[in-house]
Amino acid sequence: MKTYENQGNKDTRSGFGAGLTELGRTNPNVVALCADLIGSLKMDQFIEENPERFFQIGIAEANMMGVAAGLTIGGKIPFTGTFANFSTGRVYDQIRQSIAYSNKNVKICASHAGLTLGEDGATHQILEDIGLMKMLPGMTVINPCDYNQTKAATMAIAEHEGPVYLRFGRPKVANFTPENQKFEIGKALHLQDGTDVTIAATGHLVWEALEAAKTLNENGISAEVINIHTIKPLDAKAIIDSVSKTKCIVTAEEHNHLGGLGESIARVLSQHKPTPQEFVATNDTFGESGTPAQLMEKYGLNANAIVKACENVIKRK
Amino acid sequence: MANTQLLEDITTQVRRDILRMVHKVNSGHPGGSLGCAEFFVALYNEIMDRNDGFDMDGIGEDLFFLSNGHISPVYYSVLARAGYFPVDELNTFRLINSRLQGHPTTHEGLPGIRIASGSLGQGMSVALGAAQAKKLNGDNHLIYSLHGDGELQEGQNWEAIMYAAGNNVDNIISTIDLNGQQIDGSTDTVLPLGSVKGKFEAFGWTVVEIEEGNNIEAILKGMAEAKALTGKGKPVCVLLKTVMGNGVDFMMHTHAWHGKAPNDEQLAEGLLQNPETLGDY
């Protein structure tokens with residue numbers, strides 16, 4: 001088995017902030033907008049270095065999406081920053097008409113996604129955003145797994161022409177992917193070779209999948225682990241190739257099982273290679289207050305849950 | 001000095017285009033389109049400094065954004081007659097495989113359109129973004145936008161109105177089509193707007209009123225006044241008092257023709273009141 005070393009826990013939102021800072025230094029067309037959450041989105045350094053390229057919108061997310069769409073007319077590359085809940089559900093029609101349908105080059109950058117936002121509770125813990133965004137024609141949907149990958153993804157989406165939804169989170173989590181990696185949109189990353197079961201994970205669940213694979217290995221089960229950082233466009237070939245070998249799959253995500261990565265994979269497999277699948281995801285429910293670790297345990301989104309799902313899906317082969 | 005007669009002639013032809021477009025497909029929005037015909041004609045033929053051809057980024061020219069996209073017939077007619085696309089293409093309005101969708105969109109690549117609109121209340125935010133892009137690019141040209149009065153019931157407008165004044169976006173002239181009508185009746189009966197002038201002023205905008213919003217000379221004078229007020233630290237709002245359905249007597253002063261097409265007889269009557277000037281498509 002390959003071993004992955006945690007270089008020290010870091011939050012993915014800080015990876016976004018670092019990527020944005022780098023873009024501020026290298027790409028004069030990049031501009032940033034925020035709806036009163038500069039500190040939470042780690043945008044301070046970009047603003048300090050590029051005050052003329054930053055737009056404080058206030059608590060007015062609908063206006064932020066429209067202003068971002070308008071800034072593209074004239075060649076700017078706007079990065080909007082707010083929580084995932086306010087980046088999607090609150091402004092769905094603005095994104096749909098002014099950004100997606102109008103094919104504007106806006107990067108919707110969404111922090112505090114999912115249960116790991118923690119104590120603020122269900123009002124802020126969106127578990128539906130991947131579904132909302134992937135349904136929009138032309139929208140690219142990315143959910144990187146750690147600090148380094150979020151930084152790389154932030155820089156990569158500036159080079160991509162078209163609307164992008166970039167999802168990341170609040171807590172400090174394992175940072176284990178290479179520093180200064182090149183991020184290729186739509187290209188799944190093969191993290192662990194295995195023969196008995198495929199684990200396809202996205203976001204914070206990728207590290208949990210690697211931990212699960214270690215436990216499974218100790219129990220004599222060989223798990224293949226794939227990091228699906230790009231949910232749309234989905235790397236169908238990587239998934240089909242893997243299940244051709246393992247004959248079963250577990251998908252893992254910090255999202256509702258309705259509308260998430262698991263459903264996207266189920267669609268691909270049902271068309272091309274029907275395969276037993278188990279879903280590690282929330283079960284059509286809202287979250288609640290608690291620490292991230294407590295919530296991930298209660299709602300079944302950690303390494304233990306992935307191990308159990310793998311054991312179950314192997315029996316269905 | 002503007003050739004007012006030429007603008008009047010274009011307007012008459014635009015009215016014919018609007019009536020014929022909505023009649024052919026028995027759908028579309030003639031009322032608001034007719035009410036804004038003079039404004040559109042003056043804007044595209046006299047007021048805006050436009051480059052030849054169409055480029056999405058619009059560097060070095062004035063740009064226009066339509067927020068109340070349902071008045072697409074007047075927009076399409078004026079764009080075609082200003083040379084953005086062949087006038088014959090007006091024949092395809094609302095038909096399958098057309099670039100002239102029911103509501104304006106960039107999706108089919110129609111020259112002249114820079115944003116989709118139709119779902120109301122979004123255009124001012126977009127126009128403000130484009131205005132700020134102009135400032136970042138050191139481009140001294142202006143952004144023009146048009147909004148329905150009923151559309152002001154959408155809350156996003158007020159986010160945008162607050163933002164524009166708070167950030168001194170003074171290279172925008174946002175015009176409100178103050179016709180007092182919306183689908184279900186008058187704006188006063190559906191959801192009263194109160195004093196639109198008072199509201200814009202309270203939000204920190206400079207307001208110019210054009211009492212005769214269907215009079216070309218009044219429009220030119222009012223818009224020149226508005227233009228002179230740009231660049232002074234405040235966004236500029238024009239309140240354009242129009243008559244819905246203007247130029248077709250049985251369509252005037254009522255919300256009944258907001259989204260209804262004329263039948264054959266009504267079309268003939270409307271065309272009789274607006275004789276051909278530039279030639280029908």
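**Note on the two-chain model**

1. E8(B) is partly exposed, at 33% relative accessible area. The terms are set with a 1.4 Å probe on protein chains only: buried is under 20%, exposed is over 50%, and partly exposed falls in between. E8(B) sits in helix α1 (residues 4-25) of chain B. Helices are DSSP runs of H or I with at least four residues, strands are E runs of at least two, and both are numbered from the N terminus. E8(B) and A127(B) are 119 residues apart along the chain, with 28 Å between their C-alpha atoms.

2. Conventions next. This is a predicted model: local features need pLDDT of at least 70, side-chain atom pairs count only at pLDDT 80 or more, and totals for chains, interfaces and linings use all residues. Residues are numbered from 1 along each chain as its sequence is written, chains are lettered from A and ligands numbered from 1 in the order written, and side-chain values use heavy atoms, with hydrogens and water left out.

3. Chain A is assigned domain 1 (10-173) and domain 2 (189-315). Such bounds come from an automatic or database domain assignment. The C-alpha centres of these two domains of chain A are 25 Å apart. Across the boundary, 32 residues of domain 1 of chain A are in contact with 34 residues of domain 2 of chain A. Contact here means heavy atoms within 4.5 Å.

4. The largest nonpolar core holds 73 residues. A nonpolar core is a set of buried Ala, Val, Leu, Ile, Met, Phe, Trp, Tyr and Cys residues joined through side-chain atoms within 4.5 Å. L33(A), I95(A), F65(B), L128(B) and F200(B) have the most contacts inside this core. Domain 1 (10-173) and domain 2 (189-315) of chain A both contribute residues to this core, so it lies between them. Another core, of 57 residues, lies apart from it and includes A37(B), V74(B), I210(B) and M223(B).

5. What does I95(A) touch, leaving out residues up to four places away in sequence? The list is M65(A), S87(A), T88(A), A100(A), I108(A), M133(A), L136(A) and M139(A).

6. L127(A) is buried, with a relative accessible area of 0%. It belongs to the loop between β5 (107-111) and α7 (129-134) of chain A. Beyond residues up to four places away in sequence, L127(A) touches G114(A), L115(A), E254(A), H255(A), N256(A), T282(A), T285(A) and G287(A). L191(A) is 64 residues from L127(A) along the chain, and their C-alpha atoms are separated by 25 Å.

7. S125(B) is part of helix α5 (residues 123-136) of chain B. It is buried, at 1% relative accessible area. Its contacts, with neighbours within four places in sequence left aside, reach both chains: N63(A), G66(A) and V67(A), plus Q156(B) and A160(B).

8. The largest pocket has a volume of about 340 Å³. On a 1 Å grid over the protein atoms alone, a pocket is an open set of points where a 1.4 Å probe fits, with protein on both sides within 12 Å along at least five of seven lines; lining residues have an atom within 4 Å of a point. Points are joined across faces, edges and corners, and the volume is the space filled by probe spheres set on them.

9. The lining of the largest pocket counts 23 residues, with H70(B), L120(B), E151(B), Q182(B) and H258(B) nearest its centre. By class, the lining has five nonpolar, 13 polar and five charged residues. Nonpolar covers Ala, Val, Leu, Ile, Met, Phe, Trp, Tyr, Cys and Pro; charged covers Asp, Glu, Lys and Arg; the others, Gly among them, are polar.

10. Check some backbone geometry. The peptide bond from K232(A) to P233(A) is cis, with omega near 0°. P233(A) lies in the loop between β12 (230-232) and α10 (236-246) of chain A. D36(A), not a glycine, has a positive phi near 65°. Its loop runs between β2 (30-34) and α2 (38-41) of chain A, and D36(A) is partly exposed at 45% relative accessible area. R94(B) also is not a glycine and has a positive phi of about 65°. R94(B) is in the loop between α4 (72-81) and α5 of chain B, partly exposed at 28% relative accessibility.

11. Is N168(B) in a helix or in a loop? N168(B) is in the loop between α6 (155-166) and β3 (172-178) of chain B. It is partly exposed, with a relative accessible area of 42%. Setting aside neighbours within four places in sequence, N168(B) contacts K135(B) and G233(B). N3(B) and N168(B) are 165 residues apart in sequence and 34 Å apart in space, C-alpha to C-alpha.
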